[in-house]
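Reader: Please show the model, and then let us go through it point by point.

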Amino acid sequence: MITFKVDNLKNMNACLKPFLEYLQGLGVDDDVVFESRLVSCELISNVLRHLGEEACFEGTLKGDSIVITVSSESTDGKNLCAKLPDVFAESGRGLYIIKAICSNITSEGCSVKVCIKSGKQPD
């Protein structure tokens, strides 16, 4: 499991690097590693842009799924992704991408947990 906190978009890629290396080291398909990076960036960006706070990241491989959780310590009642948009939405395209890639999405307040099929057979 990889965890970190990031408070600036400029630091996001450097913070994500150990997670991507962790997935590659476990034999996860390169396309799935790319999708994991894309989803992680979208979720982290949403926290930093819309909540203006530090994003807390947790990522791991569980069985045949990559589980990514991004949250904020915000307590002001904002919801990170209250409603996932459809293809014709005027905003929320990043969340639409997440919806298209992820097999399971749960959201509670300022925390979002997603699962991506790894393409790797469980040990």
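Reader: At what angle do helix α1 and helix α2 pack?
Author: This is a predicted model, in which local features need pLDDT of at least 70, side-chain atom pairs count only at pLDDT 80 or more, and totals for chains, interfaces and linings use all residues. Residues are numbered from 1 along each chain as its sequence is written, and side-chain values use heavy atoms, with hydrogens and water left out. Helices (DSSP runs of H or I, at least four residues) and strands (runs of E, at least two) are numbered from the N terminus. With axes as lines fitted to C-alpha atoms over the stretch in contact, and angles from 0 to 180 degrees between N-to-C directions, α1 (residues 9-25) and α2 (residues 30-51) have axes 10 Å apart and pack at about 150°.

Reader: Why is α1 called roughly antiparallel to α2?
Author: Angles under 35 degrees count as roughly parallel, over 145 as roughly antiparallel, 65 to 115 as roughly perpendicular and the rest as oblique. The angle between α1 and α2 is about 150°. That makes the pair roughly antiparallel.

Reader: How do the residues of the contact of α1 with α2 divide into nonpolar, polar and charged?
Author: Contact means heavy atoms within 4.5 Å. Among the contributors are L16, F19 and L20 of α1 and V33, C41 and I44 of α2. Ala, Val, Leu, Ile, Met, Phe, Trp, Tyr, Cys and Pro count as nonpolar, Asp, Glu, Lys and Arg as charged, and the others, Gly among them, as polar. The division is 10 nonpolar, 5 polar and 3 charged.

Reader: Which residue forms a salt bridge with E21?
Author: A salt bridge is a side-chain nitrogen of Lys or Arg within 4 Å of a carboxyl oxygen of Asp or Glu, and the count by this rule is 1. Both partners lie in helix α1, 4 residues apart, about one turn of the helix. The closest N and O atoms are 3.9 Å apart, and the partner of E21 is K17.

Reader: Is E21 buried, exposed or partly exposed?
Author: Buried means under 20% relative accessible area, exposed over 50%, and partly exposed in between (1.4 Å probe, protein chains only). E21 has 44% relative accessibility, so E21 counts as partly exposed.

Reader: Which residues does S45 touch, not counting those up to four places away in sequence?
Author: S45 is found in helix α2. With a relative accessible area of 8%, S45 is buried. Beyond the excluded neighbours, S45 touches L9, M12 and H50.

Reader: How far are the C-alpha atoms of C102 and V114 separated?
Author: C102 is found in the loop between α3 (93-101) and β4 (104-108), and at 10% relative accessibility C102 counts as buried. Leaving out residues up to four places away in sequence, C102 touches V39, V114, C115 and I116. C102 and V114 are 12 residues apart along the chain, and their C-alpha atoms are separated by 6.2 Å.
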